[in-house]
Amino acid sequence: VIIINFHISSNAEIGFLIGLNPLAQFFLMLFAGRLITQKNLKLYLIIGYGISSVIILGYIISVEFWSFLFFQVLLSIGYTLLWTASLIYIANNSTPQDKGRNMGYLNTCFYAGGSLGGIFFTILLTILNSNYYTAMIFMLIFPIISTSIIIFRFKIVTQNSKMDVKPELMP
């Protein structure tokens, strides 16, 4: 929102850009649920995180409404793929007793990450003397690390061997 406000002066355009994301995600999740399977789950997790990196770069280079609109649509697609793939993974690989708890952990992680991301970004802006573009480059680190972990360390558990997240392993 900060960078959008630098380049777009119309409150209606800014409101449209911000409001578009949740609305688009709602409809995209309906399609993503049919698109993502156990076989392509890892691919869509990678695509979701990869799009996050592209979006951050896009916010750095955008200067007018149409480019911001393009990256807001990408944000909706990336978040939808990441969220839906994560839910499908938990649904397919948790025991019936642990499904709700594990999905609760997922919700907690996403919302805590969103909240802490804003705080972290504000701290970066303070440390970097309000240099928005440098702070955005630092923000690229998180989706790149997450994508790398998924690519190199994430193994898809097959339907035959249900994963049970042990309570002692969770915070």
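**Entry 1: Gln25**

I began with the side chains of Gln25 and Asn21, which are joined by a polar contact of 2.6 Å; I took a polar contact as a pair of N or O atoms within 3.5 Å, where within protein one must be able to donate a hydrogen and the other to accept it, and where residues adjacent in sequence count only if both atoms are side-chain atoms. Gln25 lies in helix H2, residues 11–35, and I noted that Gln25 is buried at a relative accessible area of 11% (buried is under 20%, exposed over 50% and partly exposed in between, with a 1.4 Å probe and protein chains only).

I am working from a predicted model, in which local features need pLDDT of at least 70 and side-chain atom pairs count only at pLDDT 80 or more, while totals for chains, interfaces and linings use all residues. Residues are numbered from 1 along each chain as its sequence is written, and side-chain values use heavy atoms, with hydrogens and water left out.

**Entry 2: the chain as a whole**

I then looked up the elements of the protein chain and found seven helices and zero strands, running α-α-α-α-α-α-α from the N terminus on; helices (H or I, at least four residues) and strands (E, at least two) are DSSP runs, numbered from the N terminus. Of the 171 residues of the protein chain, 37% count as buried.

**Entry 3: helix packing**

Two packed helices are described by the angle between their axes and the distance between the axes. For helix H3 (residues 41–61) and helix H4 (residues 65–93) I recorded a packing angle of about 150° and axes 8 Å apart, the axes being lines fitted to C-alpha atoms, for helices over the stretch in contact, and the angles running from 0 to 180 degrees between N-to-C directions. H3 and H4 are therefore roughly antiparallel to each other (over 145 degrees; under 35 counts as roughly parallel, 65 to 115 as roughly perpendicular and the rest as oblique).

The crossing of H3 and H4 is left-handed, a term that applies if the near helix is turned anticlockwise from the far one by less than a right angle, with right-handed used if clockwise. In the contact of H3 with H4 I noted 19 nonpolar residues, five polar and no charged; Ala, Val, Leu, Ile, Met, Phe, Trp, Tyr, Cys and Pro count as nonpolar, Asp, Glu, Lys and Arg as charged, and the others, Gly among them, as polar.

How do H4 and H5 cross? Their axes come within 9 Å and cross at roughly 155°, so H4 and H5 are roughly antiparallel to each other, and H4 passes H5 in a right-handed crossing.

**Entry 4: aromatic rings**

I next turned to the rings of Phe, Tyr and Trp (its six-membered ring), which pair if their centres lie within 6.5 Å, with planes under 30 degrees apart counted as stacked, over 60 as edge-to-face and the rest as tilted. By this rule the count comes to nine aromatic pairs. In one of them, the rings of Phe70 and Phe71 have centres 5.1 Å apart and planes at 80°, so the pair is edge-to-face; Phe70 is partly exposed at 49% relative accessible area, whereas Phe71 counts as buried at 9%.

The rings of Phe120 and Phe142 also have their planes at 80°, with centres 5.3 Å apart, so this pair is edge-to-face. I noted that the pair links distant parts of the chain, with Phe120 in helix H5 (residues 99–127) and Phe142 in helix H7 (residues 141–153), 22 residues apart. Phe120 is partly exposed at 33% relative accessibility, and Phe142 is partly exposed at 43%.

Phe16, Phe65 and Trp66 form one aromatic cluster. Within it, Phe65 is placed in helix H4 and counts as buried at 15% relative accessibility; I found Phe65 and Ile14 to be 51 residues apart in sequence and 8.4 Å apart in space, C-alpha to C-alpha.

Thr37 has its place in the loop between H2 and H3 and is partly exposed, with a relative accessible area of 37%, and its C-alpha atom is separated by 8.1 Å from that of Ile88, 51 residues apart along the chain.
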